[in-house]
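Here is a friendly briefing to read beside the model, with a few lead sentences and then points grouped by topic. Keep the structure open as you go.

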Amino acid sequence: MDAEHQALAETYEEAFDPAEYLRYNYSYPRADFSKEDTFTVWLLKTLHRAFTEGDIKGGVLLDVGSGPTIYQAMAACEIFDKVIMSDFLEVNRHELRNWLENNGKCSLDWSPFFQYACKLEGRDPSACEEKAARLREVVKDVVHVDVHLPQPVSPDVLPPEGADCIISCFCLDGACLNMSIYSRDLGHVVSQLKTGGHFLIVGTVGMTYYYGGPKANLPTYPITESEICERLRENGLSLIRLEIYPLPTKEETTDDCRAIFFAKAKKD
């Protein structure tokens with residue numbers, strides 16, 4: 001890891017606050033499930049579609065850079081019997097374990113997300129507890145990940161051939177400060193995917209910083225739509241679909257994100 005990215009890692013360890021991050025990004029008004037055009041509704045709809053088109057199959061899903069969130073595995077848990085979540089920061093892994101252990105110490109009530117996920121599946125929202133139990137059942141581990149390493153997770157985490165599917169949401173744009181590192185680290189992540197496996201990625205478009213807690217606005221690489229497609233291609237992935245969610249203009253200065261992207265690809 002170069003000195004610049006080492007300094008970034010140390011900043012994350014000192015300043016990232018899972019509770020504040022969740023409060024800002026995954027609470028009202030961004031998490032308003034009474035409207036069909038909010039950020040979180042788009043996320044759940046997009047991921048539900050991706051996992052229910054019939055082409056993603058297998059036994060093992062790796063979530064790279066889970067952060068303190070679980071929404072990204074809500075659709076996947078109906079397909080996979082083994083989900084591995086991962087993050088670089090111990091505070092985020094601790095947050096995930098709090099939810100998995102159902103110990104009452106989780107920083108966010110995820111019930112509205114589960115209720116909406118059930119709605120997308122054609123189930124009554126009251127099935128949310130059953131769905132939460134299913135997710136807790138299939139998440140087999142929460143492990144350390146470092147996308148700057150050629151092998152981001154420990155060799156014993158995945159089968160020798162790699163994961164059947166990898167999902168990564170809002171990880172690489174925050175971990176990488178320039179395009180060459182972004183492309184290199186994307187290659188590291190893709191190396192953990194078996195040939196023919198699917199890769200799903202969610203990230204920001206044009207964002208240079210975001211709110212990670214009271215002590216810091218954290219830097220990100222402002223990737224563009226065209227760069228996303230090129231980086232996937234050069235790392236051996238065939239793009240299936242790219243979707244863009246434009247964010248409404250806002251007055252607050254907690255980030256400068258103009259859009260969110262979702263890409264679904266397959267490893268050649």
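R241 is buried, with a relative accessible area of 13% (buried means under 20%, exposed over 50% and partly exposed in between, using a 1.4 Å probe and protein chains only). This is a predicted model, in which local features need pLDDT of at least 70 and side-chain atom pairs count only at pLDDT 80 or more, while totals for chains, interfaces and linings use all residues. Residues are numbered from 1 along each chain as its sequence is written, and side-chain values use heavy atoms, with hydrogens and water left out.

**Salt bridges around E53**

- R241 forms a salt bridge with E53, and their closest N and O atoms are 3.1 Å apart (a salt bridge is a side-chain nitrogen of Lys or Arg within 4 Å of a carboxyl oxygen of Asp or Glu).
- R241 sits in strand 8 (residues 237-246) and E53 in the loop between helix 3 (39-51) and strand 1 (60-63), so this pair ties together parts that are 188 residues apart in sequence. Helices (H or I, at least four residues) and strands (E, at least two) are DSSP runs, numbered from the N terminus.
- E53 also pairs with R49, where the closest N and O atoms are 3.3 Å apart.
- R49 is partly exposed at 40% relative accessible area, and E53 is partly exposed too, at 38%.
- A network of salt bridges links R49, E53, D55, R241, E243 and K264.

**Another link, and the total**

- R123 forms a salt bridge with E78, with 3.6 Å between the closest N and O atoms.
- That pair links distant parts of the chain, 45 residues apart: R123 is in the loop between helix 5 and helix 6, and E78 is in the loop between strand 1 and strand 2 (82-87).
- R123 is partly exposed at 24% relative accessibility, and E78 is partly exposed at 38%.
- The count by this rule comes to 23 salt bridges.

**The second largest pocket**

- The second largest pocket has a volume of about 250 Å³. On a 1 Å grid over the protein atoms alone, a pocket is an open set of points with protein on both sides within 12 Å along at least five of seven lines, and lining residues have an atom within 4 Å of a point. The volume is the space filled by probe spheres set on the points.
- Its lining has 16 residues, and W99, N102, D109, S111 and R136 lie nearest its centre.
- Helix 4 (90-101), helix 5 (111-120) and helix 6 (128-138) are the elements that give two or more residues to this lining, and helix 6 gives the most, with 4 residues.

Key
On a 1 Å grid over the protein atoms alone, a cavity is a set of points where a 1.4 Å probe fits but cannot get out, and a pocket is an open set with protein on both sides within 12 Å along at least five of seven lines; lining residues have an atom within 4 Å of a point.
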